[in-house]
Amino acid sequence: MVDPRLGELELVVDEEELWHEDDAGDHAGWSCVRTDPFPCPAEGCEFVADFMTAAHLILVWEERDDPNLLRHAERAKRVGRNPRIVEYEPSFGPSASYYAWEASGRPVHAVRPE
Ligand SMILES: [Zn+2]
């Protein structure tokens with residue numbers, strides 16, 4: 001869908017088109033990274049994340065000491081997002097396994113060139 005306010009060259013990805021993990025199992029007990037509120041980088045999107053997310057899904061890791069998890073937390077710390085590694089609970093919101101996300105080409109909610 002082209003948003004006329006953005007001109008012809010930019011494309012807004014609709015909410016329904018956001019990526020979902022195909023086999024989103026129960027990630028309770030996995031680890032995720034809680035952060036200070038962080039608005040979605042997509043232009044015009046009102047979503048504000050309280051966790052490290054991708055395409056509005058909370059990224060979860062099976063192991064609390066996964067090097068990838070630690071690396072992402074370290075990066076969030078450097079940009080002042082105050083990350084805390086916590087145990088994921090389904091009440092936090094929809095989740096996606098980090099590795100499933102990575103395998104899907106790291107989709108995010110963003111305004112993309114056509
Ligand atoms: Zn968004």
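Colleague: What makes Glu 102 and Arg 106 a salt bridge?

Modeller: The closest N and O atoms of Glu 102 and Arg 106 are 2.8 Å apart. A salt bridge is a side-chain nitrogen of Lys or Arg within 4 Å of a carboxyl oxygen of Asp or Glu, so the pair qualifies. This is a predicted model: local features need pLDDT of at least 70, side-chain atom pairs count only at pLDDT 80 or more, and totals for chains, interfaces and linings use all residues. Residues are numbered from 1 along each chain as its sequence is written, and side-chain values use heavy atoms, with hydrogens and water left out.

Colleague: How many salt bridges does this rule give?

Modeller: Two. One of them joins the side chains of Asp 36 and Arg 84, at 3.4 Å, N to O. That pair links distant parts of the chain. Asp 36 is in strand 2 and Arg 84 in strand 6 (residues 84-87), 48 residues apart. Strands (E, at least two residues) and helices (H or I, at least four) are DSSP runs, numbered from the N terminus.

Colleague: Why are Asp 36 and Arg 84 called partly exposed?

Modeller: Buried means under 20% relative accessible area, exposed means over 50%, and partly exposed is in between (1.4 Å probe, protein chains only). Asp 36 has 30% relative accessibility, so it counts as partly exposed. Arg 84 has 34%, so the label is again partly exposed. Glu 102, with 30%, is partly exposed, and Arg 106, with 37%, is partly exposed.

Colleague: Why does Thr 35 count as buried?

Modeller: Thr 35 has 3% relative accessibility, so it counts as buried. Thr 35 lies in strand 2. Its side chain makes a polar contact with the side chain of Arg 81, at 3.3 Å. A polar contact is a pair of N or O atoms within 3.5 Å; within protein, one must be able to donate a hydrogen and the other to accept it, and residues adjacent in sequence count only if both atoms are side-chain atoms. Thr 35 also touches residues including Ala 49, Phe 51 and Pro 83 (contact means heavy atoms within 4.5 Å), not counting residues up to four places away in sequence.

Colleague: Is His 72 buried or exposed?

Modeller: Buried, because its relative accessible area is 9%. His 72 is in helix 1 (residues 67-78). Beyond residues up to four places away in sequence, His 72 touches Met 52, Trp 61 and Tyr 98. His 72 and Met 52 are 20 residues apart in sequence, yet 8.5 Å apart in space, C-alpha to C-alpha.

Colleague: Which atoms coordinate the zinc ion?

Modeller: Cys 40 (SG), Cys 45 (SG), His 56 (NE2) and His 109 (ND1), at 1.9 to 2.3 Å. Donors are N, O and S atoms within 2.8 Å of the metal (3.2 Å for Na, K and Ca); water is not among the atoms, so sites may look incomplete.

Colleague: What makes the arrangement around the zinc ion tetrahedral?

Modeller: The four donor atoms subtend angles of 101 to 117°, which makes the arrangement tetrahedral. Four donors count as tetrahedral if all angles lie between 85 and 135 degrees. The donors follow the spacing C-x4-C-x10-H-x52-H along the chain. Both Cys 40 and His 56 are buried.

Colleague: What is the overall secondary structure of the protein?

Modeller: Two helices and eight strands. From the N terminus on, the elements run β-β-β-β-β-α-β-β-α-β. Buried residues make up 39% of the 114 residues.

Notes: Four donors count as tetrahedral if all angles lie between 85 and 135 degrees; four count as square planar and six as octahedral if opposite donors are over 155 degrees apart and all others between 65 and 115; anything else is irregular.
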